Amino acid sequence: MNTASPEPAAAPPIAAPPDNPLSFVEEIRHLLYASKGNPINTCIQCGTCSATCPVASGGFMDNSPRRIIALIRAGFKDQVLKANTFWYCASCYQCTVRCPRNIDIAELMYGLKRYTVWKAAGNKDLIGPTFTETFVKMILRTGRSYEPVLATSYLFTYGLPEMIQEAQTATVLMLKGRLPLLPARIKRLENFKRVIKHIIPLGDKE
Ligand code: SF4
Ligand code: SF4
């Protein structure tokens, strides 16, 4: 009879620490640190935000604000980042003022937009991520918004008749002096860029 004690199981290899040790819910909590509202872990899932949201109750959001919060807390990162919820948010703040737990849901929507653009994880079928990235890059280059450049981020999603109509409208606006031919640049652009890069992570991607 073999009385030798069994070989101890090999110790599992020590994994290298991940680049980002924060969980998804912790990252979102950090994104909202400046918000005056309570953190999302105080949510009681009452559904007031979804019921009061004109976009969700109109059936335009694939995941309601209440459900987005539940998904974040459960760690469903991919499902959250691919949702159209925060891109369709109209920033009306009805959810924020009615939440019984004083959670700033509208600011959460802004935070999720920033996060998805920052991580390049947005839903490519939506106009919002490309539009936002184009806008921020343009602001960084000139300090000003310039509609003809912005239009390129969504114009090609239209059919030909709509594109022609948009081009006609732009031509009329230019002839009336309401749309400049060339983008303007602000003075002291470098100072402005330094400020922007402190508040928008995308600021490095010129
Ligand atoms: S209203 Fe506030 S507490 Fe209720 S589900 Fe929405 S976020 Fe949660
Ligand atoms: S701020 Fe956005 S999520 Fe909140 S009620 Fe308005 S549209 Fe809905």
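For the ligand shell I sort residues like this: Ala, Val, Leu, Ile, Met, Phe, Trp, Tyr, Cys and Pro count as nonpolar, Asp, Glu, Lys and Arg as charged, and the others, Gly among them, as polar. By that scheme, the shell around ligand 1 has 9 nonpolar, 3 polar and 2 charged residues. There are 14 residues around ligand 1, and Cys43, Cys46, Thr48, Cys49 and Cys99 come nearest; near means a C-beta atom, placed from the backbone, within 6 Å of the molecule. At least two shell residues come from each of α2 and α4 (65-73), where helices are DSSP runs of H or I, at least four residues, numbered from the N terminus.

Some bookkeeping. This is a predicted model, so local features need pLDDT of at least 70 and side-chain atom pairs count only at 80 or more, while totals for chains, interfaces and linings use all residues. Residues are numbered from 1 along each chain as its sequence is written, with chains lettered from A and ligands numbered from 1 in the order in which they are written.

On pLDDT, the predictor's confidence in each residue, from 0 to 100: the chain mean is 83, and 87% of residues reach 70 or more. A contact is two C-beta atoms, placed from the backbone, within 7 Å.

Last, Met109, in helix α8 (residues 105-118). Leaving out residues up to four places away in sequence, Met109 touches Phe86 and Cys89.
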